[in-house]
Amino acid sequence: MTIRVPTQMTSERNFPLTKDIHPTETTNTTQEVPRPPPNVPISTLQTRNQFWKSDWDNMKSGLTTLRKALATASTTPLRVLRVSQLDAELLDNELEDMLKEQLWTAFSLFKKFNIKEKFQPELSAILQFSLYKLSICAPSNATYGCQLQNLKFRDERAHKGGLQSIAVDSPLSNYQKTMYGVLQIGGEYLWSRINRLLSSWGWSELDANNPRKIIWQSIQVIEKAFKAMSLVNYLYFMYTGKYRTLIERVLSMRLVYARREVTRNVSFEFLNRQLVWHAFTEFLMFLVPLVNLERLKNTVVKKIFGGTHEGASELPAHICAICYSNQDENGDVLSCTLNLPYETNCGHRYCYYCIQTKLMVDPSGFSCPRCGEVVTTSHRVVEKVDIQGEDEAKANDDPIEDEKS
């Protein structure tokens, strides 16, 4: 039996396309295939070895037809978790805020030049451009937040129909990367700088018929229209899961999984803990107003200390013992003088505000800080004035004044 295997052609010797090999022979075919000379260019070898070219030309039309059929085939659409895309955006914003905070802290040392207030849009644009250059322009085609969420951008124009889930992800083109930087970074910078300039020039405070006022109003209308379209795009993103922003939709930059075999492991342990503590906190906020903490404290103090405050029984009569017990350690005793005094059923006097506050908190009564007796009632202290004695004193003083006169 004879086996016919293909061989190669070189510039030194022309080998036939087939060679007879008998099974009984122990010839090593790998050693008989000659290697190309080291000094011959590869392009020359490719032009000489084109026995496959006719077959490839015949297959091109079939491959084109197959690709068109796949583009129109009904396959399972590629779905990317919306939460992963939103989390990637949050991570990018957090990273940018952290870097901005460090940048503003550095420029705060130069308060004399007021660099932050004058060049804040320029500094923010430089920072965003640096992140853009190191992330999206890199071969990964993804921001740092997207990389943490196992996401990357791809050119969605090459993935229509069934090709969106079965074809190899097409990287972003140079046009998409450039326009993304121009619209995302340059657009935000120009908008911020124009608003700053027009505000500093006072265009917003001019008359309604002034052309500059009309320009200012037109800019505000454009801003509102952009925000409205962004809202519509966000709602549509929540429905379809494609294109978080208008810029991504215009440039056909879609976020897909960088490695589809890696799944997102979601742990609900932290979420459950937060829900439990939130519910417990809400219950405490509902329960605390129903509990009379001051009354509970007075009951505990009465059980432990007998209701008297340390040192209150030794205070002078014109000092309010409640004010004295409420002040801090460095307080002055003289600052606790009775103000609008009220006398309790036990005979001790306190300020009106102090005694009424205690009775409102605990209507059943509280322990007197001086004697420990339960205070339930109080009345205003009215000082008696001896009018007759004062008249006699004045009468005694009048002759002396007459003699002096």
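A residue counts as buried when its relative accessible area is under 20%, as exposed when that area is over 50%, and as partly exposed in between, using a 1.4 Å probe and protein chains only. The model treated here is predicted, so that local features need pLDDT of at least 70 and side-chain atom pairs count only at pLDDT 80 or more, while totals for chains, interfaces and linings use all residues. Residues are numbered from 1 along each chain as its sequence is written, and side-chain values use heavy atoms, with hydrogens and water left out.

**Exercise 1. Which residues of α9 are buried, and what covers them?**

In α9, the buried residues are Lys213, Trp216, Ile219, Asn233 and Phe237. Their cover includes α4 (82-107), α8 (174-201) and α10 (246-250), where contact means heavy atoms within 4.5 Å.

**Exercise 2. Decide whether Val232 is buried or exposed.**

Val232 belongs to helix α9. Its relative accessibility is 54%, and Val232 therefore counts as exposed.

**Exercise 3. Describe how α4 and α5 cross.**

Axes are lines fitted to C-alpha atoms, for helices over the stretch in contact, and angles run from 0 to 180 degrees between N-to-C directions. The axes of α4 and α5 (residues 115-135) come within 11 Å and cross at roughly 140°. Angles under 35 degrees count as roughly parallel, over 145 as roughly antiparallel, 65 to 115 as roughly perpendicular, and the rest as oblique. The two helices α4 and α5 are therefore oblique to each other. Among the residues that make the contact are Leu95, Leu99 and Leu103 of α4, together with Leu123, Leu127 and Leu131 of α5.

**Exercise 4. Work out how α5 is oriented relative to α8.**

The axes of α5 and α8 come within 10 Å, and they cross at roughly 170°. That makes α5 roughly antiparallel to α8. The residues that meet include Phe119, Phe129 and Tyr132 in α5, and Tyr180, Ile185 and Tyr189 in α8.

Terms used
Helix = DSSP H or I, 4+ residues; strand = E, 2+ residues; numbered from the N terminus.
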